[in-house]
Amino acid sequence: MSTLALPDMNQLSESGVDFVDEPYFENLLKRKTDPGRIREIIAKAKNKEALEVEETAALLNADEPELIEQIFDTARQLKKDVYGNRIVLFAPIYVGNYCVNDCRYCGFRRSNRDSVRRTLTTRELRGQIENLLKNGHKRLIAVFGEHRNYSPEYIADCVNEIYSVHVGNNSIRRVNINAAPLSHEGYRIVKEAGIGTYQVFQETYHHTTYARMHPKGTRKSNFMWRLDSPARAIESGCDDVGLGALFGLAGWKFEALSLVAHAIHLMQHYRVGPHTISFPRIRPASGVTIKEVAEHDVKDDEFLRLIAILRLSVPYTGLIVTAREPAVIRKTALGFGVSQIDAGTRIEIGGYTEADAQTQALEKEQFELGDIRPLDEVIRQLLNDGYIPSFCTACYRLGRTGEVFMEYAIPGFIQNMCTPNALTTLQEYLTDFASPETKAAGEKILKQEFDKIPEGKRKFEILDRIERIRNTDERDLYF
Ligand code: SAM
Ligand code: SF4
C-alpha cells in the first residue's frame, strides 16, 4: 500500500472564508425571543423548511417548558414525516491510530504514551471485515488518525480492500470515511475508490477553545483548513459530507448554532447541505483528564433538546448518535429525530476479533464506549420499540447523493424507496443472521409494515423480493 506526504494546507475551496461570526452568534444567544415568534418558527419547521441561524438561536434560547415540549413534539413529527420509522445501522472500523496531532481530548493523541499504536495489516483488515459480515453488517465507516501513512491513496486502498471481502453472498455495500481533512486532489482519490460519506468533525467552532484543544504547531491547529474541508470535499465530487462537533468543549448552544451555520454555508455555495450531522459528547479516554477538557459538560436533558432543535433546523440532514452514548440515551434520542446509529460497535484496533465481549481496553481505543451490545441485541430492541432497522445503501449506489438526494428527500420517496429497501434489507438480516428471538420480533414488524403499504405494483414488487430473499440465495435487491 502506498504512502505520501501530508497535504499542503494552503489550498482552500472557493467558499473558503471563516463564516463563524462568533460575536454575532454570541449576541444572538443572549437575545430572548417572544413566545409568539417562537411558535411561528416552530410552524415553519413543521412545514419542513430549513431554519436560519437567527431562528435556530431563538429555539435554543426558548426555555419555557411549554415551548420546549412543542419543540420535542415537532421533532417527533418531523422524524416520522421525513424518515418514517426506519433506523439506518452501521459499524465503525478503526484501521490505524498513529497520529501526528495532540488533541487534548483524544486517546490517540501523540503525547499519550499509554496508547498501543497499531495499523491493521491487509490480512487483519480483511479478518475484521469478515467478522463484521458474519454478524450481518453492510455499512461501515472506516476511521483513521492523521499520519503520513494514511494518505488518500492508502485510504482508497483500504476502501477497495473492504469492498473486495466476500463471505458467502454478503459483502460491504457502503464504506464511509472519518479521517483528517484532505486536499482537493486527496478527496478526488478517495471518491474514485467509491466512498460514501466523508465525515470530518470541526470538534469546536469556538476559535479560542479550538486553539486550546489543538496545540500550536500541530497540523490540526489550523482552524480554517478543517472548517473548509467539507467544501473542498464537495468541490472534488464527494457530495455526501458529514459535519460534527465534539460536545463539551464549548457551550452546546454555540456549537449547535455553528453546525447549522455550516450547513447553511454549504447549501448557499453548493446547493447541497451536509448528508449527516454528528454531535458526540466527550467520553473518558486513555490519558485524558475529562474535567480539564469537558468544561461545558452537556447534561442529558440538554443533549435531547439539542437533537430536537437540530431536527427542526435541518429537516433533511441525517442525525447520528453513536455508541459513545449509553443504550438508554440512544433509545430516547431515536424518537426526537436521530436517523442513524452504529451497532455491535468495537473501536479497539482489531476489536471485532480480539476484544472481550464485556470489557473495553482503553489503551487500544480512542475513547470509552457507552454501548457495546452485540448487533443482534440492538436490532431486537429496535424491533421491539417499533422501528425498522435498515441496512439500505441504495441511494448512494444509484447516484442519489448530494443535490440529487435533496430532490428525492420529499414525501412519497420514503414510501416508494426507503421503506421497501429497509424491509428487504431487514429480511436479509432475519434470514441470514438473526437469533430466533430477533427473527420472531422482525417477522412481526415486517408483516405490520407490509400491511401498511397501499395496494398496487410496488407492494407486489416488495413481496416478490422478500420471498426471493427468504427462499433463494438472491440478495441485494434494491429500489
Ligand atoms: N483523526 C481524524 C480527525 O481528527 O478528524 C479522525 C478523528 S477521530 C478518529 C473521530 C472523532 O472522534 C473525532 O473527530 C472526535 O470528535 C471524536 N473524539 C475524539 N476523542 C473523543 C473522546 N474522548 N470522546 C468522544 N469523542 C471523541
Ligand atoms: Fe489524532 Fe483525530 Fe485523535 Fe486528534 S482526534 S489526536 S487528529 S485521532
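Predicted model: local features only at pLDDT ≥ 70, side-chain atom pairs only at ≥ 80, totals over all residues.

Residues are numbered from 1 along each chain as its sequence is written, chains are lettered from A and ligands numbered from 1 in the order in which they are written, and side-chain values use heavy atoms, with hydrogens and water left out.

Helices (H or I, at least four residues) and strands (E, at least two) are DSSP runs, numbered from the N terminus. Helix α19 runs over residues 413-432 and has 20 residues. The expected span of a helix is 1.5 Å times one less than its number of residues; for α19 this gives 28 Å, and the end C-alpha atoms are 28 Å apart, which agrees. Buried means under 20% relative accessible area, exposed over 50%, and partly exposed in between (1.4 Å probe, protein chains only). Because 16 of its 20 residues are buried, α19 is largely enclosed by the rest of the structure.

Ligand 2 sits in the largest cavity. A cavity is a set of points, on a 1 Å grid over the protein atoms alone, where a 1.4 Å probe fits but cannot get out; a molecule sits in it if more than half of its atoms lie within 2 Å of its grid points. The residues around ligand 2, each with a heavy atom within 4 Å of it, include Cys 99, Cys 103, Cys 106, Arg 109, Lys 220 and Gln 366. By class, this shell has five nonpolar, three polar and two charged residues. Here Ala, Val, Leu, Ile, Met, Phe, Trp, Tyr, Cys and Pro count as nonpolar, Asp, Glu, Lys and Arg as charged, and the others, Gly among them, as polar.

| Residue | Relative accessible area |
|---|---|
| Ile 162 | 0% |
| Ala 250 | 4% |
| Arg 475 | 13% |

Ile 162 lies in helix α6 (residues 152-164). Contact means heavy atoms within 4.5 Å; not counting residues up to four places away in sequence, Ile 162 touches Ile 93, Leu 125, Ile 129, Leu 140, Ala 142, Ile 172 and Val 175.

Ala 250 is in the loop between β7 (241-244) and α11 (252-270).

Arg 475 belongs to the segment after α21 (457-471). Its contacts include Glu 428, Asp 432 and Arg 468.

Key:
1 Å grid on protein atoms, 1.4 Å probe; cavity = no way out; pocket = protein on both sides within 12 Å on 5 of 7 lines; lining within 4 Å.
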